[in-house]
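Subject: Structure handover

Hello,

Here is the structure for you to look through. Please open it first, then read my notes below.

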Amino acid sequence: MKQERRVFMVASGKGGVGKSTVSTALALQLCKEHKTLLIDCDVYLPSLDILSGMTGEAIFSWLDVLNGICTPEQALLHHRYALLSAPNIGSEIPPDSIEKLLAFYPEYDAVIIDCAAGLGFSLELASKAADTALIVCTADEASIRSAAAAAKKIDKLGVPKSFLIINRYDPKGAVKGRLLGIDDMVDRTETPLLGIIPYIGSLLRSDGNDISLCVPLTDTAIRIAMRLYNLPIPLELQNAVR
Ligand SMILES: Nc1ncnc2c1ncn2[C@@H]1O[C@H](COP(=O)(O)OP(=O)(O)OP(=O)(O)O)[C@@H](O)[C@H]1O
Ligand SMILES: [Mg+2]
């Protein structure tokens, strides 16, 4: 039986909090059970080709599919999941592009859209197609304030469900009072928590052109992926500062 398609958008207010890393780690998990399509919606600063170990391999973007410049298959980069690259900056992009694009790929039942930072056009594009938003933030004041703004905007854009993912979490920082507590972050964003991803120092040392980059995130990504499909996997709050 064909599964109902799920479309997840990964967004944040603040830049550099880990959206693309989380998108890629989730794609690597979801593709074990679903035919998975990862879409780079960061027209300004695309990076999924790099994180997927296929730097610069894309000849066509998803906009080329919509404009009839290539076939839907020609635009795909194949990993364990399929990847669609973002168009170049300056392209004319209609706001319903992602929604229309998905009609070309009916066989994919899990879609992940990696958005650009901020509250701009990328959110609008993804919101028209997504059933669930994953708002990534880190445990600092600026990130939480912008995650709260992103949650409000995404709700206004009509996405049915939103969840919070706290990334780069270092409980030692929270103990010393330098970071916000988990409860505070949930309250401030008014968004239920889906997962806490630990700070992993080795990610920053990677040359960034290798899928193994996401390996240290595997355990957390597995649990987040299961929760996305309503499996009752408890949150790991033992080491988190409430
Ligand atoms: N859990 C983590 N632990 C340590 N470093 C991390 C973690 N997650 C992501 N990073 C690092 O943070 C940096 C930013 O990650 P990433 O590019 O995924 O963020 P982004 O939100 O997509 O950025 P942008 O807003 O520019 O699109 C990268 O160097 C990445 O390796
Ligand atoms: Mg990114």
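How do the axes of helix H1 and helix H10 cross, and within what distance do they come? The axes of H1 (residues 19-30) and H10 (residues 218-228) come within 9 Å and cross at roughly 70°. That makes H1 roughly perpendicular to H10.

Before going on, note that this is a predicted model: local features need pLDDT of at least 70, side-chain atom pairs count only at pLDDT 80 or more, and totals for chains, interfaces and linings use all residues. Residues are numbered from 1 along each chain as its sequence is written, while chains are lettered from A and ligands numbered from 1 in the order in which they are written.

Some terms for the helix pair. Helices (H or I, at least four residues) and strands (E, at least two) are DSSP runs, numbered from the N terminus. Axes are lines fitted to C-alpha atoms, for helices over the stretch in contact, and angles run from 0 to 180 degrees between N-to-C directions. Under 35 degrees is roughly parallel, over 145 roughly antiparallel, 65 to 115 roughly perpendicular, and the rest oblique.

Which residues meet there? From H1 come Ala25, Leu26, Leu28, Gln29 and Leu30; from H10 come Ala221, Ile222, Ile224 and Ala225. By class, this contact of H1 with H10 has eight nonpolar residues, one polar and no charged. (Nonpolar means Ala, Val, Leu, Ile, Met, Phe, Trp, Tyr, Cys and Pro; charged means Asp, Glu, Lys and Arg; the others, Gly among them, are polar.)

Next, the ligand. There are 19 residues around ligand 1, and Gly15, Gly18, Lys19, Ser20 and Thr21 come nearest. (A residue is near if its C-beta atom, placed from the backbone, lies within 6 Å.) H1, strand E7 (161-169) and helix H9 (201-205) each give two or more residues to this shell. H1 gives the most, with three. The shell divides into eight nonpolar, eight polar and three charged residues.

The largest nonpolar core has 77 residues, and Ile113, Ala126 and Ile135 touch the most other members. (Such a core is a set of buried Ala, Val, Leu, Ile, Met, Phe, Trp, Tyr and Cys residues joined through C-beta atoms within 7 Å. (Contact means C-beta atoms, placed from the backbone, within 7 Å.)

Last, some single residues. Thr36 lies in strand E2 (residues 36-41). Thr36 counts as buried because 23 C-beta neighbours lie inside 10 Å. Leaving aside neighbours within four places in sequence, its contacts include Ala27, Leu30 and Cys31. Cys31 lies in the loop between H1 and E2. With 19 C-beta neighbours inside 10 Å, Cys31 counts as partly exposed.

Glu190 lies in the loop between H8 and strand E8 (193-198). Asn230 is in the segment after H10. Glu190 counts as exposed, with 12 C-beta neighbours inside 10 Å. Asn230 is exposed too, with 7 other C-beta atoms within 10 Å.

Best wishes

Conventions:
Contact = placed C-beta atoms within 7 Å. Buried ≥ 20, exposed ≤ 12 C-beta atoms within 10 Å, placed from the backbone.
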